Structures are given as structure tokens and as C-alpha cells.
Amino acid sequence: MPMLLDILWLQGRVMIVGRDGQQRIWDLASRSLPHVPSRPSSEIAAELVDRQLRARGLERPDRIGTLFDGPVPMREGAIRRHLREGLIVPIEVDGLPGRWVAHRDLLDTTFRGRTTLLSPFDDLISDRERTERLFDLRFRLEIYVPKAKREFGYFVLPILRGDRFVGRIEPVFDRKAGVLRVKAVYAEADAKPADGPAARRAIEELASWLKATDISWPTFPPVWR
């Protein structure tokens, strides 16, 4: 049954409409989504390419205009059109070969970094190869890895500070006790002492968002003590 639901979800025929604890609640997409007029494939492709590149900042051309099941129809034409109109701008990334592009509207934007914890499914790191090439961060979701073979933990969140990944944590929220239990904190090889307090604040923000009443802290890495 789970595999059948996944297939129907990829086809857009069913969707998750809620949760009961950890249990997903499914329903027909046609019954759960508002009716919208159909749109030409070229228009859909153009908007998808625009949105994806705007969200990612920079990307390789072959990675935009694609969804779970591959490139959308008219993708190539949408990319050519955006290149011609200047919305997609070819760029060079220092130290990285290959073609890269950026969204025109982001080139003159002032970057304001912050420290935060990322979900393993965040779009910034969902493409593991891109993450490793751009940020030199090797990140893998280890939910399905046997416990004895895990490198970091069951459900690990990377710590992003500005434009650098400085570490990662393995958190577990004990709902009954209202405690955020941080089982481990790891610092990346190039982490700096000043990154430690920022990482601690990010964990406290997570606890606040979860409405946890307390945090169980582990021993921090030597660079952050």
C-alpha cells in the first residue's frame, strides 16, 4: 500500500491533507485542491524555471525545470527564452567547472546571512551533489542506515551560518516530557570558535518553535567549548 500511494502521489492523483500524530491522512487531489484553469505547457515550464532558479540562487542549467519524474514538457524552450530575455544569467563559480546560471533579480541583492538549522529535505541541500560541490558538505540522510553504520545519527540537521555550514546536530523531541534532547553536536572541520554560540542560539530557536520547556544538552565539540 505505501508504494501504491507513492506512485499515485507522484502522478498527482492523491495528496497528504493532514496528520494524526505520525500517521499521514491521504485524500484524492481532485477533492482537496481548488479547481484552476488548465495552462499551456510552455507557460508552466517558464514559471517553474523562474521559481526554481529564484529559490536556489544559482544552479546548473540541467537541474532547473525538473520535478520528481524528470524534466517538464517545454523545459528547454523555457530556458532558451529566459536566457534570451536576460532573466537567466550565465555565471562562473570560482573553483567549479561546468555551466552555472543565476537569476537576474538576485545578482544585485545584498546577502544577509543568519544561523539556522536546516531540514534534510530543505531545497538548499536536497540535491546532495550540488551541496557538496558548492559548500564542500557531504550530507546524507541516515534514517535507513543500520544504527551501527551511521556516521552522524538517525535524523541530523545541518547548521548553516551565513554562507557556511559549520556543523550538524542530532535532535529528538520528547513530546511527553516537553524536552528537546540534543543527542549530539558536531562541528565541521573548518568551524570557528565564534560559530559555537551561534549554533547554540539556533538550537534554542528550534526548542522555542517546538514549544519545548527544556533542552537536554550534549557535550559540545572542543572548538566550541
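The lining of the largest pocket receives at least two residues from each of α1 (2-10), β1 (14-20), β2 (23-28), α3 (41-56), β4 (66-67), β8 (115-117), β10 (164-174) and α6 (195-210), where helices (H or I, at least four residues) and strands (E, at least two) are DSSP runs numbered from the N terminus. The model is predicted, with local features requiring pLDDT of at least 70 and side-chain atom pairs pLDDT 80 or more, while totals for chains, interfaces and linings use all residues. Residues are numbered from 1 along each chain as its sequence is written, and side-chain values rest on heavy atoms, without hydrogens or water.

A pocket is an open set of points on a 1 Å grid over the protein atoms alone, with protein on both sides within 12 Å along at least five of seven lines, whereas a cavity is a set of points where a 1.4 Å probe fits but cannot get out; lining residues have an atom within 4 Å of a point. Grid points are joined across faces, edges and corners, and a volume is the space filled by probe spheres set on the points. The largest pocket holds about 1900 Å³ of space, and among its 47 lining residues R19, S119, P120, F121 and F155 lie nearest its centre. This lining comprises 27 nonpolar, eight polar and twelve charged residues, with Ala, Val, Leu, Ile, Met, Phe, Trp, Tyr, Cys and Pro counted as nonpolar, Asp, Glu, Lys and Arg as charged, and the others, Gly among them, as polar.

The second largest pocket, with a volume of about 750 Å³, is lined by 25 residues, of which R56, G57, L58, F111 and D163 lie nearest its centre. The helix α5 contributes the most to this lining, with three residues.

In soluble globular proteins, nonpolar side chains tend to be buried together.
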